[in-house]
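Welcome! Let us take a friendly walk through the structure shown below, one region at a time.

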Amino acid sequence: MLVNRTRYRNYAAAAGILLSVTSLNATAQSANQAWVTDELSTYVRSGPTDGYRIIGTLNAGEQVEVLETSGDYTRVRNSDGNAVWVLSNELQETPSAVEQLPALEAQVEELTAELEGINETWEQRTASMTETLELRESRIAELEASNQELDAQAEQSRRQVRALQARLETQEEDLLMRYFMYGGGVAGAGLLVGLIVPHLPRRRKKRDRWF
């Protein structure tokens, strides 16, 4: 999942940044602090040359206090308070991984929890946006269906109006035809009466005679 891959990248980047910041902080510490290298335990001598006898060892990663440097050797004081000489190249200026690990683990856990909280918040927002989008898509689908239904009803209404207009035109034509036939009949009857009446025999009036 893309979100999980992004989260893992964030974890790795955060851990890298955390290590870098810790290293910088360690470098900025007091110059008289040093640590035995993590790779090995080293022998210590009673003096600053190989000719001095070995009097003990320092553990890998052990923190020591730097007292002085002479040639290839550095005089340090260990955790027991003993001042001994050790090869300078077997010391490092940054805390050992053993000492850094607990603090780094705690910081990584804290950062991981923070990132998980951010991821959870983002997932909630994404879910909310997805839900909102689904609701909008559903509403759009409903409106489109309603629009199609209204279009169908409008088309049906248009067909009904055309049918009514056709019937009205037919009725108007029938009415005009009836008026025409009625008028023609009246005119024909009048003409016929005008032709017949002059030929009807007239009744003569009797004259009164006085004798």
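A salt bridge here is a side-chain nitrogen of Lys or Arg within 4 Å of a carboxyl oxygen of Asp or Glu. The model is a predicted one, in which local features need pLDDT of at least 70 and side-chain atom pairs count only at pLDDT 80 or more, while totals for chains, interfaces and linings use all residues. Residues are numbered from 1 along each chain as its sequence is written, and side-chain values use heavy atoms, with hydrogens and water left out.

**Salt bridges**

The structure holds six salt bridges.

| Pair | N to O distance |
|---|---|
| E155 and R158 | 2.8 Å |
| E155 and R159 | 3.8 Å |
| R162 and E155 | 3.7 Å |

Together, E155, R158, R159 and R162 form a salt-bridge network. Helices (H or I, at least four residues) and strands (E, at least two) are DSSP runs, numbered from the N terminus. E155 and R158 are about one helical turn apart because they are three residues apart in helix α2. E155 and R159, both in helix α2, are four residues apart, again about one turn.

How open are these side chains? For a residue, buried means under 20% relative accessible area, exposed over 50%, and partly exposed in between (1.4 Å probe, protein chains only). E155 has 28% relative accessibility, so it counts as partly exposed. R158, at 43%, is partly exposed, as are R159 at 45% and R162 at 44%.

**The end of helix α2**

Helix α2 covers residues 97–196 and includes L192. With a relative accessible area of 48%, L192 is partly exposed.

**The nonpolar core**

Which residues make up the largest nonpolar core? There are nine: A34, V36, V44, L58, V64, V76, V84, V86 and L91. Strands β1 (33–36) and β6 (83–87) are the elements that give two or more residues to this core. A nonpolar core is a set of buried Ala, Val, Leu, Ile, Met, Phe, Trp, Tyr and Cys residues joined through side-chain atoms within 4.5 Å. In soluble globular proteins, nonpolar side chains tend to be buried together.

**Around E65**

E65 sits in strand β4 (residues 63–70) and is partly exposed, at 29% relative accessibility. Contact means heavy atoms within 4.5 Å. Neighbours within four places in sequence aside, E65 is in contact with N32, R75, V76 and R77. N32 lies 33 residues from E65 in sequence, yet their C-alpha atoms are 5.7 Å apart in space.
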